[in-house]
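Trainee: I have a new model open and want to learn how to read it. Can we go feature by feature?

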Amino acid sequence: MQGVRTLMPLTPGVIPFGLVTGVMAIEMGMSPTTAMGMTLIFYSGSAQMVALQLLHSGALPLAIVLTALIINLRFVMYSASLAPHLHHLPRRWTWPVSYMLSDQSYALCTLRFASGELTGPFAHWFYAGTAFAMWLAWQLSVLAGVCLGASIPDTWSLSFAIPLSFLALLIPGLRNVPSLAAATVGGLIAVLAVKMPYNLGLVTASIGGVVAGVVTESLRKKPASHECASAAEGDAQ
Amino acid sequence: MSDLMLWGIFLAAGLGTFAMRVSFIELYGRWRMPALLSRALIYVPASVLAALVLPAVVYPNGQGAFVLNNPQIPAAIIATFVAWKTRNTLLTLGLGMAALWAFKFIGA
């Protein structure tokens with residue numbers, strides 16, 4: 001319950017995304033069942049919106065799956081960082097809480113695990129509380145969007161809400177020069193490479209952006225000592 | 001696209017995502033992530049999101065054709081500014097949409 005309460009303040013940031021996702025899915029001609037099925041199977045807002053955007057522009061199925069998975073690569077990182085605290089649990093625990101792993105519940109719990117505030121036999125209950133509250137908030141807000149969907153006319157140009165949502169996710173995350181470099185290079189390559197077949201422009205741009213981020217980070221680190229470097233790495237997490 | 005194809009996409013992406021989420025919790029102690037990989041993963045969201053936003057804003061028809069008098073560009077600039085200043089999702093969405101409608105109105 002403590003976990004549920006800690007998560008509550010984060011839900012207003014999620015509800016608009018959920019609404020937009022639900023509305024967009026319906027606007028694109030999906031049935032409410034399909035839209036909710038997608039939400040249950042993905043449980044990943046950004047991947048879901050990416051998939052919708054790509055379906056909208058008529059990309060190949062393989063490209064859609066690949067792009068959604070690239071967007072979700074960050075979960076590998078989260079999984080690695082939560083593993084020391086969760087790996088000892090039986091699978092009836094780890095599989096459901098893994099499915100419910102989200103940016104928000106990860107961010108809340110990783111800080112508490114790292115500071116040693118969350119220890120003992122009930123620590124995973126706190127994590128599970130945040131994860132479940134987030135899951136429920138997401139499913140309900142998409143459902144609300146699905147119900148609203150059909151009643152919104154085309155003249156509102158609501159498809160623009162998808163890139164806007166990405167902006168709202170992207171901009172607050174640009175806290176340092178390397179991530180700014182990653183975003184700039186990724187965005188520019190994507191604009192220039194838009195005519196590449198099979199949506200390869202997006203994959204090329206993503207790889208280019210990541211390389212730009214890592215290179216910028218290394219360049220900026222060089223004058224500093226190794227201790228500073230590892231501290232900076234801690235910050236970036 | 002057929003319904004079957006859609007569900008196929010959902011299942012593939014969903015299972016892949018689950019595999020990534022469970023990966024290290026399941027493999028704990030057996031494989032450590034190389035440092036370069038974990039450094040690179042930090043920049044995946046920024047790079048992918050920007051690669052999605054920019055083309056969607058610059059090419060409003062999704063065809064890769066540049067259009068003059070595209071109200072999405074000024075609207076996106078305003079939304080970027082709002083997101084940067086407030087970090088508020090709802091404000092970014094609301095003011096971004098309002099700006100798009102305003103620029104469309106002026107342009108029409």
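This is a predicted model: local features need pLDDT of at least 70, side-chain atom pairs count only at pLDDT 80 or more; totals for chains, interfaces and linings use all residues.

**Reading helices, domains and chain contacts**

Mentor: Start with one helix pair.

Trainee: Is the crossing of helix 11 of chain A with helix 12 of chain A left-handed or right-handed?

Mentor: Right-handed, as helix 11 of chain A passes helix 12 of chain A. Next, look at the residue classes. The contact of helix 11 with helix 12 of chain A holds 12 nonpolar, nine polar and two charged residues.

Trainee: Now helix 2 and helix 9 of chain A. At what angle do they cross?

Mentor: At roughly 40 degrees. Helix 2 covers residues 11-27 of chain A, helix 9 covers residues 123-149 of chain A, and their axes come within 7 Å. Roughly parallel would need an angle under 35 degrees. Helix 2 and helix 9 of chain A are therefore oblique to each other. Their crossing is right-handed.

Trainee: Which residues of helix 2 of chain A meet helix 9 of chain A?

Mentor: From helix 2, they include A:Val14, A:Ile15, A:Gly18, A:Leu19 and A:Gly22. On the helix 9 side, A:Trp138, A:Ser141, A:Val142 and A:Gly145 are among them. By class, the contact of helix 2 with helix 9 of chain A has 14 nonpolar, seven polar and one charged residues.

Trainee: Step back to the whole chain. How many helices and strands does chain A have?

Mentor: Chain A has 13 helices and zero strands. For overall shape, compare the radius of gyration with the globule rule. Chain A comes out at 19 Å, close to the 18 Å that the rule gives for 237 residues, so chain A is as compact as a globular protein of that length. Its C-alpha atoms fill a box of roughly 55 × 45 × 30 Å along the principal axes.

Trainee: Which domains are assigned in chain B?

Mentor: Domain 1 of chain B is 1-32, and domain 2 of chain B is 43-107. Then check the spacing. The centres of these two domains of chain B are 31 Å apart, taken over C-alpha atoms.

Trainee: And which domains does chain A have?

Mentor: Domain 1 of chain A runs 2-155 and domain 2 of chain A runs 174-237. Their centres are separated by 24 Å. Seven residues from domain 1 and five residues from domain 2 of chain A make the contact. Helix 5 (residues 61-71) of chain A gives the largest share of the domain 1 side, four residues. That domain 1 side has six nonpolar, one polar and no charged residues.

Trainee: How many residues of chain B are in contact with chain A?

Mentor: 60 residues of chain B are in contact with 78 residues of chain A. Next, ask which elements contribute. Helix 1 (3-27), helix 2 (35-42), helix 3 (44-58), helix 4 (72-86) and helix 5 (89-107) of chain B each give two or more residues to the side that touches chain A. Helix 1 of chain B supplies the largest share, 19 residues. By class, the chain B side has 42 nonpolar, 14 polar and four charged residues.

Trainee: Which residues of helix 10 of chain A meet helix 4 of chain B?

Mentor: A:Pro163, A:Leu164, A:Leu167, A:Ala168, A:Ile171 and A:Pro172. They meet B:Ala76, B:Ala79, B:Thr80, B:Ala83 and B:Trp84 in helix 4 of chain B. These residues divide into 10 nonpolar, one polar and no charged. The axes of helix 10 (residues 161-173) of chain A and helix 4 of chain B come within 9 Å and cross at roughly 35 degrees. This crossing of helix 10 of chain A with helix 4 of chain B is right-handed.

Definitions and conventions: Residues are numbered from 1 along each chain as its sequence is written. Chains are lettered from A and ligands numbered from 1 in the order in which they are written. Axes are lines fitted to C-alpha atoms, for helices over the stretch in contact, and angles run from 0 to 180 degrees between N-to-C directions. Angles under 35 degrees count as roughly parallel, over 145 as roughly antiparallel, 65 to 115 as roughly perpendicular and the rest as oblique. A crossing is left-handed if the near helix is turned anticlockwise from the far one by less than a right angle, and right-handed if clockwise. Two residues are in contact if their C-beta atoms, placed from the backbone, lie within 7 Å. Ala, Val, Leu, Ile, Met, Phe, Trp, Tyr, Cys and Pro count as nonpolar, Asp, Glu, Lys and Arg as charged, and the others, Gly among them, as polar. Domain bounds come from an automatic or database domain assignment. The radius of gyration is taken over C-alpha atoms; the globule rule is 2.2 Å times the number of residues to the power 0.38.
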